Amino acid sequence: MGDKRMTCAGFLDQARETMAWETRREDLNRRFLEIFRQAYRNSKTYGKRFQDLGIGLSEVQSLEDLEKLPLLRMTDLVEWQRKTWPLGGFETVDPDAFQRIYINSGVIFQPGANWEQEDTSWAEALCAAGFRRGDRILNTFSYHMWPFAFMLDESAKRIGATVIPTGVGNTMMQVRIMQMLEINGYMGTPSFLMTLVQRAEAMGVSLEKDLYLETALVSAEMLPESLRVSLEKKLDMTIRQAYGTVFLGCIGYECRDMSGLHVPHNVLVEVVDPQTGKQVPHGSAGEIVATNFNSAYPMIRMATGDLSSITMEPCPCGRTGPKLRKIIGRIDQATKVKGTFVHPWQADEIVSRYPEIYKYQVVITREDHNDVMTFMVELKEELGEPHRLANRLERDIKDILTVKGGVQIVPRGTIPDHHKKIEDRRRWD
């Protein structure tokens, strides 16, 4: 690849991404009605949910009727999967038709393969970030059980790039791979990119002469502007971020102008009052809710738990349609740690295995651009060898949450009454 090439904002489908908003809304209206009617007729669970609320097919005739439909939360998905194995009855096809079933944190099942071929939202984000045909992209998202790495893998191949699937870990080897293959693209969390930079520096690798990175798409965790600036300066590269979930796909992505998170053309995004499900005015903060058009496993009005606001302000890049402002927080105590959601009910499940524990609190902090999760634990009575309990608890944390967490046993009275189960003490500058 030789010298670094200039990156610029590109389009997966420029005609679609820059079409007049009125035309785009008509297309969204058509696709929404198609997916609603398919889910109503062919999904056991959607049909029951809607009918129980007195919603008939004739009740929903356009996007104006969207607010009549209930929000779908992750807790609903978990509850229905326990009732209707394995996918909760949200599927509109025979479960045996799916070529893969992924396992998300908390043992939540998700079908794959069929709908991945339909979803172009992440490919749209990659083009906007500046990736092109012929790029060699290091994909450091985990390929183990979860679908996200596969989604980005397929999207990169869709635009004609070559993917090097590494996942996390083996940092020394990854630096060598970046040198030997002249990798010019990166997909992963911003904190892991910094980890690779630090490893390269420790190995004596010249970031300017020995690495070829030009473009990065980062996701799954917050990107502090200070970290972006530091990485771009060190690596002389462009870093853009994208936001989404594995069940919904990409919900927003940055272009070269970084004026907000562009909503992809094939997803329907609302910002709502989390209590009522009613849409809030543009510019007002609310919960992000999205509907995808996955014909086999549709997610209709799925609530993300993330807070933001929506705007229709035009962007110099030429894209039309709504944009999300930055993510400003969560409506619940769930939080992302190293790109993985940790929910209070998951922490409860772990701690419930230990009758010796009187009270606990999960504390999230940040050290050197890395998330640190610590379970603060009060015991009912003193133990002779408390470190043994701490070691077992740390193993369960890693096994169940799939992310490493430390355990600190503290004196009784340290954790206040009426405390948050998850206390996020990180600061994003």
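## Helix α10 and its surroundings

Two parts of a protein are said here to be in contact when heavy atoms of one lie within 4.5 Å of heavy atoms of the other. In this predicted model, the buried residues of helix α10 pack in this way against the strands β17 (340-342), β18 (357-367), β19 (370-379) and β21 (422-424), and also against the helix α11 (386-401).

Which residues of α10 are buried? The helix spans residues 344-351, and those that are buried within it are Pro344, Gln346, Ala347, Ile350 and Val351. When one looks down the axis of α10, these buried residues fall within an arc of 160°, so they line one face of the helix.

## A cis peptide bond

Most residues other than glycine have a negative phi, and most peptide bonds are trans. The bond from Trp85 to Pro86, however, is cis, with omega near -5°, and Pro86 itself belongs to the loop between α4 (74-83) and β1 (100-104).

## Two residues with positive phi

Arg301 is not a glycine, and yet its phi is positive, at about 55°. This residue sits in the loop that runs between β11 (286-292) and β12 (302-308). Asp368, which is not a glycine either, also has a positive phi of about 55°, and its place is the loop between β18 and β19.

Are these two residues buried or exposed? Arg301 has a relative accessible area of 1%, and because residues under 20% count as buried, Arg301 is buried. Asp368, by contrast, has a relative accessible area of 63% and is exposed, since the cut-off for exposed is over 50%.

How values were computed: Residues numbered from 1 in each chain as written. Predicted model: local features only at pLDDT ≥ 70, side-chain atom pairs only at ≥ 80, totals over all residues. Heavy atoms only, no water. Buried < 20%, exposed > 50% of the residue type's maximum accessible area, 1.4 Å probe, protein only. Helix = DSSP H or I, 4+ residues; strand = E, 2+ residues; numbered from the N terminus. Arc of directions from axis to C-beta.
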